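Welcome, and thanks for taking a look at this one. Please open the sequence and the structure side by side, and we will walk through them together.

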Amino acid sequence: MKKMTDPDLCVLPPPGSFPIKTAGATTSQGIFAPLVLGAKSVMGAQELKEFRASVIAKHSKVIAEFVDTSASPFGQLVLKSMFEYADKDGNGTLDRQEVREALQDLGFDFLDEKQVGTIVKKADKDKDEVIDFEEFVKETPKVLRVNLVKLAKRNGHDLGFLV
Ligand SMILES: [Ca+2]
Ligand SMILES: [Ca+2]
């Protein structure tokens, strides 16, 4: 019988660190980086590779699925990170300028000033000229669905899907 009780085997640290600690640490990457890192922690490297391949192949579908899961706890977390990212002065609401910058950062540079105004107006249900988190959660999935699909068609896979 072999000895199976080597204590060293039991005290090995887990390989790598889990990328689930902070939302703020990932803001320098694509805005979807938290999504991909989240996927990384539940999938193996091989599955992730296949996931990436399928993302590239079926952008529009994946985007639609993300938008559809935005009501899930995970989707809520992503929306919260996005809101905090967009709220540059940290006052808990997004003004038109912050919305415009966030849309630019997302790569939606095809939106002109008028279109940004329309988005803000549509999202601003209580007409106080700023977007609070509740309004953001309601409107963002729709805005993302429309514009991410446009963006994906335009420039492929540079959305932070490929962390
Ligand atoms: Ca703000
Ligand atoms: Ca408002």
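Is Glu129 buried or exposed? Glu129 has 11 C-beta neighbours inside 10 Å, so it counts as exposed. The terms work like this: a residue is buried if 20 or more other C-beta atoms lie within 10 Å of its own, exposed if 12 or fewer, and partly exposed in between, with C-beta atoms placed from the backbone.

Before going further, a word on what you are looking at. This is a predicted model, in which local features need pLDDT of at least 70 and side-chain atom pairs count only at pLDDT 80 or more, while totals for chains, interfaces and linings use all residues. Residues are numbered from 1 along each chain as its sequence is written, and chains are lettered from A and ligands numbered from 1 in the order in which they are written. The predictor's confidence in each residue, pLDDT, runs from 0 to 100. For the protein chain it averages 73, and 53% of the residues score at least 70. Please treat residues 5–28 with care: pLDDT stays under 50 there, and the model has eleven contacts beyond four places in sequence for this stretch. A contact here means two residues whose C-beta atoms, placed from the backbone, lie within 7 Å.

Now for the overall layout. The protein chain has seven helices and two strands, arranged along the sequence as α-α-α-α-β-α-α-β-α. These elements are DSSP runs numbered from the N terminus, with helices (H or I) of at least four residues and strands (E) of at least two. Of the 163 residues in the chain, 21% are buried. Taking contacts between residues at least 6 apart in sequence, 58% join residues at least 24 apart.

Let us move to the inside. The largest nonpolar core has 18 residues, and Ala86, Val99 and Ile131 touch the most other members. Two or more core residues come from each of helix 4 (73–86), helix 5 (96–105), helix 6 (113–123) and helix 7 (133–155). Such a core is a set of buried Ala, Val, Leu, Ile, Met, Phe, Trp, Tyr and Cys residues joined through C-beta atoms within 7 Å. In soluble globular proteins, nonpolar side chains tend to be buried together.

Next, take the helices in turn. Helix 4 has 14 residues and reaches 20 Å from its first C-alpha to its last, close to the 20 Å expected at 1.5 Å a residue; that expected span is 1.5 Å times one less than the number of residues. Val78, Met82, Phe83 and Ala86 are the buried residues of helix 4. They cover an arc of only 140 degrees around the axis, which puts them on the same side of helix 4. The arc is that of the directions from the helix axis to the C-beta atoms.

In helix 5, the buried residues are Glu98, Val99, Arg100, Ala102 and Leu103, and their cover includes helix 4, strand 1, helix 6 and strand 2. Just after helix 5, Gly107 takes a positive phi of about 95 degrees. Helix 6 buries Ile119, Val120 and Ala123. These residues fall within an arc of 95 degrees seen down the axis, so they line one face of helix 6. The face turned away from that buried side carries the exposed residues Lys114, Thr118 and Lys121.

That brings us back to the loop between helix 6 and strand 2, where Glu129 lies. Glu129 has a positive phi of about 75 degrees although it is not a glycine. Lys127 is also placed in the loop between helix 6 and strand 2 (131–132), and its phi is near 55 degrees, a positive value. Most residues other than glycine have a negative phi. With 7 C-beta neighbours inside 10 Å, Lys127 counts as exposed.

Finally, a record to set beside the model. An unreviewed UniProt entry lists residues 74–109 and 111–146 for "domain: EF-hand"; positions follow the numbering used here, feature names are shortened, and annotations may be inferred rather than shown by experiment. Over residues 74–109, the chain is 64% helix and 6% strand, with end C-alpha atoms 27 Å apart. Over residues 111–146, the chain is 69% helix and 6% strand, and the end C-alpha atoms are 12 Å apart.
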